[in-house]
Amino acid sequence: MKISILDDYQNVVRTLKCFPKLAGHDVTVWNDHTQDTDTLAQRLKDTEVLVTIRERTPIRAPLIERLPRLKLISQTSVYPHIDVEACTRRGIVLCSDLHPGEPSFATAELAWCLIISAMRSVPQEVAALKSGRWQSTIGYALRGRTLGILGYGRIGTVLARYGRAFEMPVLAWGRDRSAERARADGVPFAASKAELFERADVLTLHVRLTPETRGLVTAADLARMKPAALIVNTSRAGLIEPGALVAALEAGRPGMVAVDVYEEEPMLNPDHPLLKMSNVVCTPHLGYVERDGYERIFGAVFDQILAYIAGKPFNVINPEALKKRES
């Protein structure tokens, strides 16, 4: 089977312990990134199985229609980047392990890393020390400061535990299910989104991006934050109203930002406004990117491939495609 794996930025897939599962198959791994349809169509013209790494490359109808040999797309997590209807029309099966009930501890850990880094100005102090300066900023401790969690779901609950371990009061807000979880965990729930933004010293976002949640955080919300507050986004950039974050920083509320996600990724523009601000910590969407997580992700992806080849596919998102291929 001819298998193509896209967007292996770190050239790490072949080094994983699970990679030998694909032994005997013709595997091509692409380490660069492109969204150009012509380029992708040429690269993937003979591909029978396509592996995508999360949502890095959109797989839309104009590309799908030019991949005559494609039979299977195997991946994990949600799939807003894939045109499922176009796949089904062509009899292309999409298998995706949605890992229900399992939080991304790696993302939670990175969010906490960003919180500490931003509150204590760690990246700025490292840069200063390397340039010959000693103690150029004054940071903030976490103990006693309020941790606000927007979206008390799988990752939000983990952040709440981290906050309590650091002796931070925790305040959550979100939809009805968030309220139920928070009550079950004994976590105070804000009466409104406005209260969450007004009271939080550190506010971290853990909401899935959907049409309903796009732009959930508005300029008015950010303006309610304290001048010394920090907002952290390791979820999706689209949760924040376009342009509102930079404008809020320029206005002084909140005083700090830490982000791992951007409207367009990969974000390779060194002139991006957030990269120019001294009170911002930016990382290149590292939330889920760690070796143990990759072993789990690709282990699941490769198992889906082997099951499909054996005629026993699972985690099938579009079972209609199976029927179409059989007919």
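Visitor: How many helices and strands does the chain have?
Guide: In this predicted model, the chain has 12 helices and 11 strands.

Visitor: What share of the residues counts as buried?
Guide: Of the 327 residues, 48% count as buried. The accessible surface comes to about 15,700 Å², with 53% of that belonging to carbon and sulfur atoms.

Visitor: Turning to the rings, how many aromatic pairs are there?
Guide: The count comes to 5 aromatic pairs. In one of them, the ring centres of W112 and Y162 lie 5.9 Å apart with the planes at 70 degrees, so this pair is edge-to-face.

Visitor: Where do W112 and Y162 sit in the chain?
Guide: W112 belongs to helix α4 (residues 105-119) and Y162 to helix α6 (residues 154-165); the pair links distant parts of the chain, 50 residues apart.

Visitor: Is W112 buried or exposed?
Guide: W112 counts as buried because its relative accessibility is 6%, below the 20% cut-off. Y162, at 23%, is partly exposed.

Visitor: What about Y294 and F298?
Guide: Y294 and F298 form an edge-to-face pair, 5.4 Å centre to centre and with 65 degrees between the planes. Both are in helix α11 (residues 291-309), 4 residues apart, so about one helical turn separates them. Y294 is buried at 3% relative accessible area, and F298 is buried at 1%.

Visitor: Which residues form one aromatic cluster?
Guide: That cluster consists of F19, Y294, F298 and F302.

Methods
Residues are numbered from 1 along each chain as its sequence is written. This is a predicted model: local features need pLDDT of at least 70, side-chain atom pairs count only at pLDDT 80 or more; totals for chains, interfaces and linings use all residues. Side-chain values use heavy atoms; hydrogens and water are left out. Helices (H or I, at least four residues) and strands (E, at least two) are DSSP runs, numbered from the N terminus. Buried means under 20% relative accessible area, exposed over 50%, partly exposed in between (1.4 Å probe, protein chains only). Accessible areas come from the Shrake-Rupley method with a 1.4 Å probe; for residues, only the protein chains shown count as cover. Rings of Phe, Tyr and Trp (its six-membered ring) pair if their centres lie within 6.5 Å; planes under 30 degrees apart count as stacked, over 60 as edge-to-face and the rest as tilted.
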